[in-house]
Amino acid sequence: MNLNLFIIIIVALPILGSFVAGFLGRKIGVKGSQFITCFSLLISSMLISYAFYQIVLCGGETINLNLGSWVDSGILTINWEFKFDNLRISLGLAVLFCST
């Protein structure tokens with residue numbers, strides 16, 4: 001499977017879990033909110049472990065995900081993008097494991 005898709009899921013899944021728990025918390029209850037947030041963090045932790053293996057341990061290359069242009073004016077171009085290298089994946093692994 002494509003590693004870019006894993007990176008998007010790693011970032012989006014905890015955000016999606018918090019939105020579901022925050023906006024639908026009354027409908028799904030306390031236990032449902034706890035399950036959704038913990039499950040989304042657990043899946044993200046497993047995916048970032050795989051990304052850590054692929055990028056850091058196997059010597060993979062830096063992943064750049066360009067989301068689009070934010071400012072494009074003459075000589076100034078600023079893009080929205082995610083960059084994942086050895087340091088960012090290592091810190092993301094620590095943060096997600098502690099959060100889970």
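Analyst: The account below begins with the basis of the model, then turns to the patch, the chain and the cysteines. This is a predicted model, in which local features need pLDDT of at least 70 and side-chain atom pairs count only at pLDDT 80 or more, while totals for chains, interfaces and linings use all residues. Residues are numbered from 1 along each chain as its sequence is written, and side-chain values use heavy atoms, with hydrogens and water left out.

The nonpolar patch on the surface is formed by L67, W70, I75, L76, I78, W80 and F82, which together have about 810 Å² of accessible area. Such areas come from the Shrake-Rupley method with a 1.4 Å probe, and for residues only the protein chains shown count as cover. A patch takes residues with over 30% relative accessible area and no salt bridge; like charges are joined within 9 Å, and nonpolar side chains (Val, Leu, Ile, Met, Phe, Trp, Tyr) within 5 Å. A salt bridge here is a side-chain nitrogen of Lys or Arg within 4 Å of a carboxyl oxygen of Asp or Glu.

Strands β1 (63-73) and β2 (76-84) each supply at least two residues of the patch, and β2 gives the most, with four. L76 lies in strand β2 and is partly exposed, at a relative accessible area of 44%. Buried means under 20% on this scale, exposed over 50%, and partly exposed in between (1.4 Å probe, protein chains only).

The protein chain as a whole has three helices and two strands, in the order α-α-β-β-α along the sequence. The radius of gyration is 16 Å, well over the 13 Å that the globule rule gives for 100 residues, so the chain is more spread out than a compact globule. That radius is taken over C-alpha atoms, and the rule is 2.2 Å times the number of residues to the power 0.38. Helices (H or I, at least four residues) and strands (E, at least two) are DSSP runs, numbered from the N terminus. Of the 100 residues, 23% count as buried. The chain exposes about 7000 Å², of which carbon and sulfur atoms supply 67%.

Finally, the whole structure holds zero disulfides, a disulfide being a pair of cysteine sulfur atoms within 2.5 Å. The sulfur of C38 is 15 Å from the closest cysteine sulfur, in C98, which is too far for a bond. C38 is partly exposed, with a relative accessible area of 49%.
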